[in-house]
Amino acid sequence: MDFTLPPALEDYRRRIRDFVETEILPVEADRSQWDAHENIADGPLAALRAKAKAAGLWTLQLPQEAGGQGLPFTGLAACYEEMNRSIFGPVCFNAAAPDDGNMRLLNQVGTAAQKRRWLDPIVEGRVRSAFAMTEPHPGGGSDPSMMRTRAERRDGRWVIHGHKWFITGAGVAQHFILLARTSDDPRKGLTAFLFDRDQPGWRIERRIPIMGPEEHGGHCELIFDGLEVADENVLMNVGDGLKATQIRLGPARLTHCMRWTGLAKRCLEIAGAYVKERHSFGMPLAEHEGVQWMLGEAAMQIEISRLLTMRAAAELDRGHFARKEVSMAKVQVADTLSRTVDTAIQLCGARGYSRDTVLEWIYRYARQSRLVDGASEVHKMVLSRSYLTEGDAFWGWS
Ligand SMILES: Cc1cc2nc3c(=O)[nH]c(=O)nc-3n(C[C@H](O)[C@H](O)[C@H](O)COP(=O)(O)OP(=O)(O)OC[C@H]3O[C@@H](n4cnc5c(N)ncnc54)[C@H](O)[C@@H]3O)c2cc1C
């Protein structure tokens, strides 16, 4: 068993690390370059995206023929981790959610015409996208079978009515992937539709205020009151909505894990520097046993997170859905991010609670990790089902 990265992937990882260090961290450190929602402002973002493109570090996740760099998931695991050493990193490389998962899905299942119309502009960085699935009560949340947004056939088109919320990026997205019910069949009742921001028949009801810093375009509540979609903009076949969701969400969850591991490492980097320099009771904080236990535990949890993420990435590279591997990584990484940022704030004392570092930004951001793309409890339900079905084979090597 060899955990070494192949030289080509190691080269990408190293170049991304250098880019984050020299290009992105200075922007992050300058609050005048942030927008009103505590994200990187459009101007500096456009400049960094242009530089990342010129450096050949753009859209690593797609094949070269689709305008990407063709990295396997195992390579992405190493690179995305480096990107999110900065809170602003992934979006500079076209690797932020939800564009990341949307591009992958469109590339995998879209027709040639759909790729030209809906995918290419995202790959080129000209538009942003959103994925609209979650609904308020009594619609679908953790349980997609409860979905109530409905698409009905009228005069040869699909007419959509319904209600979605927490749709990341909807405030700026031009291209949308929308899940709606087309029948009451329990397995084939949902369909994925593509629509453009400029189409009539839908509106943003509000940008939902949240506790953390916001993605570009925020998290929005959407009302559909007669959006019309032509057959050519049905993604996959009618009734394949659940399948499209599964194809998108497995890898999308894992790329969250890759990025969040980078954020957790950044927290430890900040805390590590502080405890080496700061003294109490006649010695550096780092020499107190209590501090060592906190740092050691956090470092170990991060390594467990990386191994679970890499294992799931290897399964995806082999063409498997890697459902349980992704679920284990998602639960572990979300917990690790939340605990590590809390530990780092504690170790930095009052400074940790201030805005002199990005720890408080990460602390507020981290809380969503146990909810988005499936609450941790739902992933544990999936794991329990797997175990009860597979028994001892749950831990097999092959
Ligand atoms: C910041 C953010 C961004 C998001 N972005 C998007 C997006 O872009 N597109 C989109 O479609 N959605 C998005 N979501 C929604 C997200 O995917 C959902 O919040 C998530 O799937 C859970 O659904 P819910 O909120 O309806 O929780 P509910 O289904 O209402 O569940 C509430 C809680 O009940 C518990 N629970 C539920 N089922 C079980 C079970 N079987 N066993 C044990 N406990 C259970 C869990 O603790 C869960 O957190 C986003 C959410 C957030 C917070």
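Which side chain makes a polar contact with the side chain of Glu214? The partner is Arg207, and the two side chains come to 2.7 Å of each other. Keep in mind as you look around that this is a predicted model. Glu214 sits in the loop that runs between strand E6 (202-207) and strand E7. Its relative accessibility is 10%, and because buried means under 20%, Glu214 counts as buried.

Let us turn to the ligand. The shell around the ligand is made of 18 residues, and Phe131, Thr134, Ser142, Phe166 and Thr168 are the closest. Sorted by class, this shell holds nine nonpolar, seven polar and two charged residues. Strand E3 (157-168) and helix H12 (376-390) each contribute at least two residues to the shell.

Thr134 places a polar side-chain atom 2.6 Å from a nitrogen atom of the ligand. Ser142 has a polar side-chain atom 2.7 Å from an oxygen atom of the ligand. For Glu377, a polar side-chain atom is found 2.8 Å from an oxygen atom of the ligand. Taken alone, the ligand would expose 980 Å², and the protein buries 65% of that.

Now find strand E4, residues 175-181. Are its residues buried or exposed? Seven of its seven residues are buried, so the strand is mostly covered. In a regular strand the side chains alternate between the two faces of the sheet. In E4, His175, Ile177, Leu179 and Arg181 point one way, while Phe176, Leu178 and Ala180 point the other way. The residues of both groups are all buried.

E4 also has strand partners to trace. With strand E1 (residues 129-132) it runs parallel, and four bridges join the two. With strand E5 (residues 190-196), E4 pairs in the antiparallel sense over seven bridges. Here you can look for Leu179, which stands opposite Ala192 in E5.

Strand E2 (residues 150-154) pairs with E3 in the antiparallel sense, over five bridges. Within this pairing, Arg150 has His161 in E3 as its bridge partner. E2 and E3 form a hairpin with two residues between the strands, and there Asp155 takes a positive phi near 50°. E3 also pairs with strand E7 (residues 219-229), again in the antiparallel sense, over nine bridges. To find this pairing, look for Trp158, which stands opposite Val229 in E7.

A few spots in the backbone deserve a visit too. The peptide bond from Ala97 to Pro98 is cis, with omega near 0°. Pro98 belongs to the loop between helix H4 (89-92) and helix H5 (99-109). Another cis peptide bond joins His137 and Pro138, where omega is about 10°. You will find Pro138 in the loop between E1 and E2.

Next come two residues with positive phi values. Met236 is not a glycine, yet its phi is positive, at about 60°. Met236 lies in the loop between strand E8 (234-235) and helix H7. With a relative accessibility of 18%, Met236 counts as buried. Phe281 is also a residue other than glycine, and its phi is positive, near 50°. Its place is the loop between strand E9 (279-280) and strand E10 (283-284). Phe281 counts as exposed because its relative accessibility is 79%, and exposed means over 50%.

The last stop is Gly250, in helix H7 (residues 241-277). At 12% relative accessibility, Gly250 counts as buried. How many residues separate Gly250 and Gly141 in sequence? They are 109 residues apart along the chain, and 17 Å apart in space from C-alpha to C-alpha.

Conventions: Residues are numbered from 1 along each chain as its sequence is written. This is a predicted model: local features need pLDDT of at least 70, side-chain atom pairs count only at pLDDT 80 or more; totals for chains, interfaces and linings use all residues. Side-chain values use heavy atoms; hydrogens and water are left out. A residue is near a molecule or strand if one of its heavy atoms lies within 4 Å of it. A polar contact is a pair of N or O atoms within 3.5 Å; within protein, one must be able to donate a hydrogen and the other to accept it, and residues adjacent in sequence count only if both atoms are side-chain atoms. Accessible areas come from the Shrake-Rupley method with a 1.4 Å probe; for residues, only the protein chains shown count as cover. Ala, Val, Leu, Ile, Met, Phe, Trp, Tyr, Cys and Pro count as nonpolar, Asp, Glu, Lys and Arg as charged, and the others, Gly among them, as polar. Buried means under 20% relative accessible area, exposed over 50%, partly exposed in between (1.4 Å probe, protein chains only). Two strands pair if DSSP finds at least two bridges between them.
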